Amino acid sequence: MVFCGAGLSAESGIPTFRAASDHALWSRYDPEELASIEGFTRNPDRVRGWYAWRRGLVAEAMPNDAHHALAGWHEALLVTQNVDDLQERAGAPDERILHLHGSIVHDRCHDGCGWVGPVESEAGGGRSECPRCGGVARPAVVWFGETLPQAVWTRACRACSETDLLLVVGTSGVVQPAAMLVEMAADGGAYVVNVNPEPTPLDALADASIHAPAAGVLPALLPD
Ligand code: APR
């Protein structure tokens with residue numbers, strides 16, 4: 001099992017949220033304004049414009065060697081906090097990928113009818129109206145204060161309790177409940193390997209920490 005964060009896509013040019021760099025998103029933008037229901041309610045067009053910009057970065061990015069190495073690790077379940085589709089574009093099948101925080105390449109109904117659909121490429125900002133119920137549409141990502149998709153979370157927790165190996169790649173490990181998965185796996189007896197150029201609190205849970213960038217490490221670490 002693999003637990004991924006924004007660092008996995010960093011070498012594809014997609015900014016992380018907190019990494020020690022001035023490109024990190026939360027050092028430039030206010031998550032309360034751009035990644036919360038309150039911020040969306042206050043100014044939906046500003047939020048949609050920000051996601052249009054992020055969608056452009058994802059569309060221009062290419063999967064890196066770490067994505068390809070994970071795609072080639074056929075028996076591994078990839079539990080990711082990332083909302084980009086680089087792991088899918090590297091060839092990992094949908095059934096092996098769990099998006100804990102949703103998908104930036106989809107919109108969904110904000111009013112609870114259950115509609116989810118791909119973002120029309122030309123309308124980078126995505127839909128404003130749900131095509132099924134006529135309600136409000138918004139990016140299909142999990143915002144601060146929202147709950148994770150229940151079925152995805154349940155499957156991720158079950159996998160954590162059953163896995164004998166957890167590879168952690170590119171996460172600061174500070175956002176809950178996602179980061180709890182590492183402790184769950186460690187408590188379940190899994191061997192935990194943490195790949196991150198920077199030290200993080202997850203090092204204390206890891207049996208082995210590799211402080212190096214993912215794209216250089218994973219191809220050497222994983223089976224072809
Ligand atoms: N290889 C591996 N790790 C890297 C690389 C790299 N090339 N470059 C940076 N990193 C590491 C950074 O050191 C940092 O610890 O990736 C981590 C990214 O941390 P965050 O930016 O906090 O991203 P993440 O842990 O995924 O954040 C979790 O927070 O804002 C929410 O919803 C958002 O899913 C996100 C969640």
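The text below begins with the ligand and then turns to individual loop residues and a helix.

**The ligand and its shell**

The model is a predicted one, and the ligand in it is surrounded by 23 residues, of which Phe17, Arg18, Thr171, Ser172 and Asn196 are the closest. Sorted by class, this shell consists of ten nonpolar, ten polar and three charged residues.

| Residue | Part of the residue | Distance to a ligand oxygen atom |
|---|---|---|
| Gln81 | backbone N or O atom | 3.2 Å |
| His101 | polar side-chain atom | 2.8 Å |
| Asn196 | side-chain N or O atom | 2.8 Å |

Of the 740 Å² of accessible area that the ligand has on its own, the protein covers 92%.

Gln81 is located in the loop between strand S2 (78-80) and helix H7 (86-89), and because its relative accessible area is 13%, it is classed as buried. Beyond its neighbours within four places in sequence, Gln81 is in contact with Phe3, Cys4, Gly5, Leu100, His101, Thr171, Val175 and Ala178.

His101 belongs to the loop between strand S3 (97-99) and strand S4 (102-109), and with a relative accessible area of 14% it is buried. When residues up to four places away in sequence are left out, His101 touches Thr80, Gln81, Val83, Val141, Val142, Leu148, Val175 and Ala178. The C-alpha atom of His101 is separated by 21 Å from that of Asn43, which lies 58 residues away along the chain.

**Further loop residues**

Gly5 sits in the loop between strand S1 (2-4) and H1, and it counts as buried because its relative accessibility is 2%, where the cut-off for buried is under 20%. Setting aside neighbours within four places in sequence, its contacts are Gln81, Asn82, Val169, Gly170 and Thr171. The C-alpha atoms of Gly5 and Arg42, 37 residues apart along the chain, are 28 Å from each other.

Thr16 is part of the loop between helix H1 (7-10) and helix H2 (25-28), and at 13% relative accessibility it counts as buried. Residues up to four places away in sequence aside, Thr16 touches Ala6, Gly7, Ala10, His23, Ala24 and Leu25.

In the loop between S7 and helix H9 (180-187) lies Pro177, which is joined to Gln176 by a cis peptide bond with omega of about 5°.

**Helix H10**

Which residues of helix H10 (residues 214-221) are buried? They are Ala214, Ala215, Val217 and Leu218, and because these buried residues fall within an arc of 165° when seen down the axis of H10, they line one face of the helix. An α-helix has 3.6 residues a turn, so residues three or four places apart point the same way. Gly216 and Ala220, on the other side of H10, are exposed. The cover over the buried residues of H10 includes helix H6 (65-71), strand S7 (165-169), strand S8 (191-195) and strand S9 (208-210).

Terms used
Residues numbered from 1 in each chain as written. Predicted model: local features only at pLDDT ≥ 70, side-chain atom pairs only at ≥ 80, totals over all residues. Heavy atoms only, no water. Buried < 20%, exposed > 50% of the residue type's maximum accessible area, 1.4 Å probe, protein only. Helix = DSSP H or I, 4+ residues; strand = E, 2+ residues; numbered from the N terminus. Arc of directions from axis to C-beta. Contact = heavy atoms within 4.5 Å. Near = heavy atom within 4 Å. Polar contact = N/O pair within 3.5 Å; in protein donor to acceptor, adjacent residues only side chain to side chain. Areas by Shrake-Rupley, 256 points an atom, 1.4 Å probe, with all protein chains shown as cover. Nonpolar A, V, L, I, M, F, W, Y, C, P; charged D, E, K, R; others polar.
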